[in-house]
Amino acid sequence: MKKPRSVELDDKDIIRLAKGAGTPLPEGFVERVLEKARKISEEKAAKRRAKNGR
Amino acid sequence: MLRIPSPREDTPIRAQSDRRVEALKDAMLAEGGRVFSYLCVLTRGDKALAEELAMETWLKVFNRFKAENFKTRWLLFWKAKQVFVSRMRKATTRSFVEFRTQMDDLPTGLSPRDNVDNPSESAGWDEFWANFEPRTFDPTDMKCFWLLYRYDFTINEISSRVSLPESTIYDRVSKLVHTCRKILISRKR
């Protein structure tokens, strides 16, 4: 199987950081991510509970 | 025989996951803007795609990183780039050339030159240089770098602004970029 190519940060990424600096996060972004994270967390917890037989 | 539970076993699963979610929230409030703006540039200003990729990045961070690494900047940027590159490799269609009849329709860049003296630009300046704290740089080098890459001034134009030879500006900015990259990837925070 072919090994996936690795991704590294280079000098151009510093320029990209400078170009984009100061862009505000979209409205409600944090809440949307947290909602999904909670779902993932609950699924993982359910799996662990099932594995532990609780 | 009495068995002493390990701290991990002893902690209720629910509380543990709640702590991770809280840590993610803290990290997003502190570093979310940086990751999103970096992705905006990678996607050439496509904010919808950048938002989607930023969400994917944070969920991967949540799934795979330890909570104490949620705020590790170089890891976040590296993960964001990885998510972007993976998406581009999977894409079967490529962007195509758009034809326009009116020049006014052309979208403007993220930071046009007109913004050079705009007070709101100081937020971008502060956010960018904070990436390398506590390290400080020569103010002239910082200014040259900013004019060259943030506002797309030519080296010739910068030379007349800061009264330095073009070759000096080129050398100093190159060195600065290289140093910034080294700092970003070598430090944990």
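Trainee: Of the 54 residues of chain A, what percentage count as buried?

Mentor: The share is 22% of the 54 residues of chain A. A residue is buried if 20 or more other C-beta atoms lie within 10 Å of its own, exposed if 12 or fewer, and partly exposed in between, with C-beta atoms placed from the backbone. Keep in mind that this is a predicted model, in which local features need pLDDT of at least 70, side-chain atom pairs count only at pLDDT 80 or more, and totals for chains, interfaces and linings use all residues. Residues are numbered from 1 along each chain as its sequence is written, while chains are lettered from A and ligands numbered from 1 in the order in which they are written.

Chain A holds two helices and zero strands. Both are DSSP runs numbered from the N terminus: H or I with at least four residues for helices, E with at least two for strands. Take H1(A). Seven of its 10 residues are buried, which leaves this helix mostly covered. The buried ones are A:Asp13, A:Ile14, A:Arg16, A:Leu17, A:Ala18, A:Lys19 and A:Gly20. Just after H1(A) comes A:Gly22, with a positive phi of about 95 degrees.

Now the partner. The contact between the chains takes 32 residues from chain A and 45 residues from chain B. Contact means that the C-beta atoms of two residues, placed from the backbone, lie within 7 Å. On the side of chain B that touches chain A, H2, H3, H4, helix H5 (122–130), H6 and H8 each give two or more residues. H2(B) gives the most, with 17 residues. By class, that side of chain B has 27 nonpolar, 10 polar and eight charged residues. Ala, Val, Leu, Ile, Met, Phe, Trp, Tyr, Cys and Pro count as nonpolar, Asp, Glu, Lys and Arg as charged, and the others, Gly among them, as polar.

B:Arg20 sits in helix H2 of chain B. B:Arg20 counts as buried because 21 C-beta neighbours fall inside 10 Å. Setting aside residues up to four places away in sequence, B:Arg20 touches A:Ser41, B:Phe62 and B:Ala67. B:Phe70 is 50 residues from B:Arg20 in sequence, yet their C-alpha atoms are 9.3 Å apart.

The largest nonpolar core has 40 residues, and B:Tyr38, B:Leu39 and B:Ala80 have the most contacts inside it. Such a core is a set of buried Ala, Val, Leu, Ile, Met, Phe, Trp, Tyr and Cys residues joined through C-beta atoms within 7 Å. Both chains supply this core: helix H1 (11–20) and helix H2 (29–52) of chain A, together with H2, helix H3 (47–64), H4, helix H6 (139–150) and H8 of chain B, each give at least two residues. H2(B) gives the most to this core, with 10 residues. Domain 1 (14–90) and domain 2 (122–186) of chain B both contribute, so the core lies between them. B:Ala80 shows some of the local packing. Beyond four places in sequence, B:Ala80 is in contact with B:Val35, B:Tyr38, B:Leu39, B:Leu53 and B:Thr57.

Those domain bounds come from an automatic or database domain assignment. The centres of domain 1 and domain 2 of chain B, taken over C-alpha atoms, are 26 Å apart. Their contact takes four residues from each domain. On the domain 1 side, helix H2 (13–42) and helix H4 (73–90) of chain B each supply at least two residues. That side of domain 1 has one nonpolar, one polar and two charged residues.

Finish with some details of chain B. A cis peptide bond, with omega about 5 degrees, joins B:Glu133 and B:Pro134. B:Pro134 is in the loop between H5 and H6 of chain B. In the loop between H2 and H3 of chain B lies B:Arg44. Its phi is near 55 degrees, a positive value in a residue other than glycine. B:Arg44 counts as exposed, with 12 C-beta neighbours inside 10 Å. B:Ser163 lies in the loop between H7 and H8 of chain B. B:Ser163 also has a positive phi, near 55 degrees. B:Ser163 is exposed, with 7 other C-beta atoms within 10 Å.
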